[in-house]
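Work through the exercises below with the model open. Try each task before reading its solution.

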Amino acid sequence: MSLSLAPAGISPAASITLARSIPSNVDELMGMSPFDLFQTQMEQGNTEAQVDAMKRLPVVAYAMGSAATRETLIPYLGQLSLKQLDDELLLLMAKQMQTFIPALLTTAAHIVLVLPIVERLAAVEETGG
C-alpha cells in the first residue's frame, strides 16, 4: 500500500518522536493500524508526541479510508476536542482536519459528524487568540 494518495506536503515518514513515544517493540508496532498508532501516541501524555501525531492526522485519515474515518477517527477526535488539551494542539487539529475532510467526508450527513468538533475548535480560537 502506498501513502502517495495523501495530499501533497504531507510526509508519512517515521519520526524519532513517534518511535520514542510508543513503548512497544518493533513487532508490536508493525501490527498496529494507523489509527492505533495515532491513538497510542495521543494518549502518551507527552506534548511533543501529541503534536507529532496531530501533524500526521491526514496521513492516518487517508490510510483509514472514508468509512473508518467516519466511524472511528471522527468520534475519537470529538473525544479529544473535549479533553483539556493545549490550545496549540487543538488549533493544529483544526488545520489538519481541513486537509482531509473535503476528500473523505463528501456528503452532508458526513459533514454533520464533524460539527461538534468544529464548534469546540471555534470556541478555542475565540478565547485563545
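**Exercise 1. The aromatic cluster**

Which residues do ring pairs link into a cluster?

Solution. The cluster consists of F35, F38 and Y76, linked by ring pairs. This is a predicted model: local features need pLDDT of at least 70, side-chain atom pairs count only at pLDDT 80 or more, and totals for chains, interfaces and linings use all residues. Residues are numbered from 1 along each chain as its sequence is written, and side-chain values use heavy atoms, with hydrogens and water left out.

Step 1. Count the pairs. The structure holds two aromatic pairs. Rings of Phe, Tyr and Trp (its six-membered ring) pair if their centres lie within 6.5 Å; planes under 30 degrees apart count as stacked, over 60 as edge-to-face and the rest as tilted.

Step 2. Take F35 and Y76. Their ring centres are 5.4 Å apart and their planes stand at 85°, so this pair is edge-to-face. F35 sits in helix α3 and Y76 in helix α6, so the pair ties together parts 41 residues apart in sequence. Helices (H or I, at least four residues) are DSSP runs, as are strands (E, at least two), numbered from the N terminus.

Step 3. Check burial. Buried means under 20% relative accessible area, exposed over 50%, partly exposed in between (1.4 Å probe, protein chains only). F35 has 11% relative accessibility, so F35 counts as buried. Y76 is at 5%, so Y76 counts as buried too.

Step 4. Take F38 and Y76. This pair is also edge-to-face, with 6.1 Å from centre to centre and 80° between the planes. F38 lies in α3 and Y76 in α6, so the pair ties together parts 38 residues apart in sequence. Both F38 and Y76 are buried.

**Exercise 2. The core**

Which residues touch the most other members of the largest nonpolar core?

Solution. Step 1. Define the set. A nonpolar core is a set of buried Ala, Val, Leu, Ile, Met, Phe, Trp, Tyr and Cys residues joined through side-chain atoms within 4.5 Å.

Step 1. Name the residues. The largest core has 29 residues, and F38, L77, M93, M97 and F100 touch the most other members.

Step 2. Assign the helices. At least two core residues come from each of α3 (34-42), α4 (47-55), α5 (57-64), α6, α7 (87-104) and α9 (115-128). Helix α7 gives the largest share, eight residues.

**Exercise 3. The start of α4**

Which residue caps the N-terminal end of α4?

Solution. N46 does: a side-chain oxygen lies 2.8 Å from the backbone nitrogen of E48. The buried residues of α4 are A49, Q50, V51, D52, A53 and M54.

Conventions:
A polar contact is a pair of N or O atoms within 3.5 Å; within protein, one must be able to donate a hydrogen and the other to accept it, and residues adjacent in sequence count only if both atoms are side-chain atoms.
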